[in-house]
Amino acid sequence: MNLSNLSVGLSTYLLVGAMLFSIGLYGVFAKRNIIAILMSIELMLNAVNINFVAFNRFVWNQKSGTNYILTGHVAALFVIVVAAAEVAVGLALVITIYRNRQSTNVDEFNWLKW
Amino acid sequence: MFKEMHDLFRWAWLIPALPFLSFLLIAFVTKRSKGLSSTVSILAILASLGLAIAIAIGIIQSGAEIVEHAAIVNVNWLNIGGLKIDFGTVVDPLSGMMLFVVSLVASMVQIYSLGYMHGDKGWSRYYCYQSLFAASMLGMVLATNLLQLFIFWELVGLCSYLLIGFWYFKVSAREAAKKAFMTTRVGDFGLLLGMLFLYTKFGTLDFATLAAILNTNIQNVAVIGTASYVTVMAFLVFMGPVGKSGQFPLHVWLPDAMEGPTPVSALIHAATMVVAGVYLVARMYFLFVHASPSALQFVADIGAFTAIFAASIAIAQDDIKRILAYSTLSQLGYMMFALGVGSYSGSMFHLMTHAFFKALMFLGAGSVIHALHEKQNIWDMGGLWKKMPITGWTFFIGVMAISGVPPFAGFFSKDEILATALQNGHPVVYAVGLFTAFLTAFYMSRLFFVAFCGPEKPENHPHESPWSMTIPLIILAFFSVVGGWAALPDHNFAFFLHYLPLGQEYEREAINWGLAGISVIAGLLGIGLAYIIYLKKAIAAESIVARFPRVYKVLQNKYYVDEFYLWIINNIMGGVAKVLYWFDIYVIDGIINGIAFITRGSAKTLRRTSTGQLQTYAMVFFFAVVIIFMVFAFGEGQLTSLNPLATLGGVK
Amino acid sequence: MISSALPTTNSLLLPFILLAPLVAMLMIIFLPKDESKTIKIVAAIGTLISLVLSLYAFFAYDRVLGGMQFTLTIPWIPDLGVNLAFGVDGISLPMLLLTNIIGFSSIYASWNMEKRVKEFFALLLILITGVMGTFIARDLFIFFLFYEIVVIPIYIMVIIWGSTKRVSKEYAGMKLTIYLLIGSAFLLVGMIALYLAAAKNGQPTFMFDQLAQRQDLYSPAFQKVAFGLMLFGFGSLISMFPFHSWSPDGYAGAPTAVSMIHAGVLKKIGGYGLIRLGIFVLPLGARYWAPIIAFLAICNVLYAAFIALAQKDLKYVVGYSSVSHMGYVLIALAALNPTAMTGAIAMMFAHGVMSALIFSMIGFIYEKTHTRNIPDLGGLAHQMPRLAIGLMLAGMASLGLPSTINFISEFTIFMGTIHVYPVLAMLGIFGIIFTAVYILRMIANVLFGPRRPEWDHLVDIRGPELVPLVICVFVIFITGIFPNILLGMINSGVYSSGLAKVLETVSQVKMGGLF
Amino acid sequence: MGTVVFFIFAIMAIAAAWGVVTSKNIVHSALYLVLCFSGVAVLYVLMNADFLAAVQLLIYTGAVAIMIVFAVMLTLRGDISVSNTENRHWGWGALVAALVFIIMALVILANPDWRILATPWTSGGSAEDLSLLLLTRFMIPFEAAAVLLTVALVGAVVLAKGVKESK
């Protein structure tokens, strides 16, 4: 099996992104600690970023014209910015909630209940 | 001559308008001033009386001309698609006679009330109602069409309601007023229905037009429909008079209506409003004539039955006003059966004379009640003639008049009715009428002997009433004597009230003195019997009562008709009402609340799915995404066209 | 000057009528809470301006010319064909006037309100505006919009200012609102179906007159279904049996002003809508459903009249009585002829004024005695003669006494229906007896009878409290004595708007009804 | 060569991500997260996104991870070894996540348009190119992002500081 024949294409990157996304999704569904959930969200955001960059690399690279160049990178950059903001606010919320409830356990947060 | 008169007749609308103006004035301006209110009211009705007399003279002078061409003025009142109603005035002998009678009695009663109602708190209110009543009654008389008549008909009903309940703090007055309104309402239902059918069939409610249509097209089935149609309408229209004029099944309200002030009873429940029914039948006589004979036969039967039925009750009553009330019922029955047997003019004649002497007797009774401080039981009275000579004499004239003793007014009218009944082939009705005349004479003289003759009661300190009360008595007594002379020398009252069904020629009839003699004897017999029992005490009244205790009890309780109606209202209507209310609350509302309950119940179950856990929500969300994707990917039908995989090469 | 005579010109009269209470409402919002006197005066002035302007409209309307006048059309959402279109004809003008009469009276009927005055009057003015809007709208969308505006303030007002008797005010408010909303949901479905059907020719529109012109686009089957939906919607609004049960409970729970407006005008939107939308646009559907409406109408008349006999609470008596009276309107609509139609609109007007009067009087009784239980009351004519006059005249109007407008309306209705549904109409007329029984019983037991010392402290209505009495009584009798004022207008509306023509056409159509 | 590097770091990132969600200890999770981010950064490099890789390392592996560790430190109570357990529904969560992955994978693999191999990189990707783009074409989003960050900063401070009970 020739490793060099096993070429890395767009779909490979996308699969990696999909895997990261699904793992993050599982984390969001299954974890009890709210910080762990935030971490899982970060995973999902990273997965999305991989997709952005990958599409930029493989699809738009082929197209001529400067309009398209690096748009994926810019999008990823914005995602990172938003993620950073989200983490900042999210963690502040976690601390506030922790202060009120003495817990970071999502099971105990059921204010949305009827 | 007739032309000039016609100009006068154009002003007939003023007759009801003046009292109406006085009603508005009292209600909005002079309410606070007692003297001013009564002055305004009396001046208005006297002006109307003057105008009515002028019109009556004009009618008599116009003679046959006005009979054939009634002076009619119409103004459009309501004009919409499918319904056109005029308001107007009709001046013909019939309305002229009624105008005179109504305005005369009304003005007498209003003057009389100056004394009778003296010191009453509701003085202005009283005159306010009186004026409204006079306006509505006179307006009704002048009506040119059935709807106009019906409107005023209801308005006099309203006035009657208000005046019966004038002393609204008395529970009995309150209940009586309610009863009067409701009972007449039942009759009005029929009248309204009859009106609707008439309009639907003939497209008009105008008396003259209706009469013309019926007279000219009576054989034309296409226009009229079959005779039974007209008959049905006649029956329906007759329901109104049955209620208003207290004919048999709906008579119950009239005796109770005596709860009102006595002058009101005199005016509304003896002389004027209650005869409105008779007047209506007279106005609509063409309808009854063209209906199958059963219609008029029905009118005659109801009238005759009421006459004897009420007279028999009157024998056993003790309350002076109730005796008079049943007497009124009985006399109304007289007028009604007179119409039924075809004595149109006799009926109107009796209407007029009855108005005079019955108003007289009611006012006389009021005078007595006033003098005895609200005592109404005749057995508490006695020997009043000496203490109250004017009241006594005038009352005596009234009794003579109603008993049909010549030369008093009642004799002529009653005789005319009875004569026509026999002539037109109604022997049974004639017999009933004759017997009623006997009963009438008996119970009226009973009343008179017990209350006015005999020994005085020491606890009473009666005194003659003030002039404001006695003058109307004297005037009415005068008319009770001479009112009948209009028929002399023959039965020519019909000259004044000419009605010619199907072009018959009027025939002047001489008074049949033989028949007249029979009815006079019947009257005298009644008086004599009363004299023997109540004045001579040759036969003890108690022993008669003791011999027929059941009969007496039934009579005294007015054949239990009231109780029967009460039972129906309380048990049947009340019961149905309760059942339906139960149905409404528990079935209709139950269904509604049941739906609400199901909604709430399902919501209670479903809300368990809302765990409040964000994670669960997210999970469900993504699960839904998966499902939707599956549907798109593998589904059939419309959704497949949206299948993203279809564009991506497809997985199927 | 010349241009104003042209019917095509836009007139700003109706927007002014509509805006006057709205401006008053905005002013009230910016007034301080404690200035309750000022708030009431502002509300009264706002409604007075509307009243005066609508009176002007009523008498300035050219009856000979007929049709929609004082029109204003502004395209609003052109893609959907929604126009901000106002206008009145002989059918809607009486209803507009009625709204303003009752609106103005209702302000005065709540003159003694002390609880949350600011909010109350602001909501009341919104309510009045909403009702007015439904009557002057010429566009179905706008009509529906205003109708939905109406529902919200009513709910809030019943919940906050209502009174709890047999049912709690929360229940009453909820029932009222849910009924109206369910009705309007069905209406919405019907409306959208109608809109889609009418848009088949590529020009979507919501305008009533254009919807009515596109008869060929509605198949008979469609008309039956769409009219059925509207019948359910409008029927529950006009308290058609068996969708009437919100009415007594709702009125009993609601504060006086809301009862007045609700019974007086809001209910009439049902009848008005059935004419404007149902019969104009879907005449075949109306024809199909007419016998059913007539039957249910008679159920209304007799059933509710009987139930009113068994009531002890004043407001329940009047509530059931209003259900009963609506039966007359419904059977007149079902008769599908111009006379009955005129009668139906006149009856809506007549009943509106009458019920406003009676509810305001009952409101005063309740306010002063704190009870509405008939056995607890009695002899009030001693202490409050003016109130007694008001209640009695209202009762007389209710039982159709001649010389009140109610009589003429009833008579016209009977005249129009008796040859279409003889038996049902007779049963309906029979209802007047029961009406008399329960009304007279109520009047007698509340007003008359011996003086009761426990009510000796009561003060008769005076000053501003007299306004509803004077206005309503005046309207009842002036239109009753000179009926051409009102019925002439309605008649011109029925004929000039083309309703009479529609009715004539539809009466010639042969189709199998249900009965 | 690139292929080998890719697989090494891709597998590392995925494994680290797996570690993040399975580790019972929240601190271990945080450390796995750092590892995962680093792996992703290498993938960026492989895709010629040098600047993004740097940003990824700076912001994610640096700032975000440290903030998370701080948050863990500030909130942690009880036994650290069970600080990051699964809830009752983790099975369902796994199922849904797996389904989502399967669907995504199916789409990715089924789409012929996406079977693209790398072509020589021509577009630059340096900080200079990006900054040019950000300050011209994406000017407004860029400024919006700046505002967002400021707001987030202020918001975070306000939230974390806690609002004093008003009288």
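Helices (H or I, at least four residues) and strands (E, at least two) are DSSP runs, numbered from the N terminus, and two strands pair if DSSP finds at least two bridges between them. This is a predicted model, in which local features need pLDDT of at least 70, side-chain atom pairs count only at pLDDT 80 or more, and totals for chains, interfaces and linings use all residues. Residues are numbered from 1 along each chain as its sequence is written, while chains are lettered from A and ligands numbered from 1 in the order in which they are written.

**Exercise 1.** Find how strands β1 and β2 of chain C are joined.

Step 1: β1(C) covers residues 69–77 and β2(C) covers residues 82–88. Step 2: the two run antiparallel, with 6 bridges between them. Step 3: Gln69(C) has Val88(C) in β2(C) as its bridge partner. Step 4: 4 residues separate the strands of this hairpin, and Gly81(C) in the turn has a positive phi of about 80°.

**Exercise 2.** Describe the contact between chains A and D.

Step 1: residues are in contact if their C-beta atoms, placed from the backbone, lie within 7 Å. Step 2: chain A brings 64 residues and chain D brings 78. Step 3: on the side of chain A that touches chain D, α1 (10–30), α2 (34–60) and α3 (71–101) of chain A each supply at least two residues. Step 4: α3(A) gives the largest share of that side, 21 residues.

**Exercise 3.** Describe the contact between chains B and D.

Step 1: 11 residues of chain B meet 13 residues of chain D. Step 2: helix α29 (residues 614–634) of chain B gives the most to chain B's side, with 7 residues.

Technical notes
Two residues are in contact if their C-beta atoms, placed from the backbone, lie within 7 Å.
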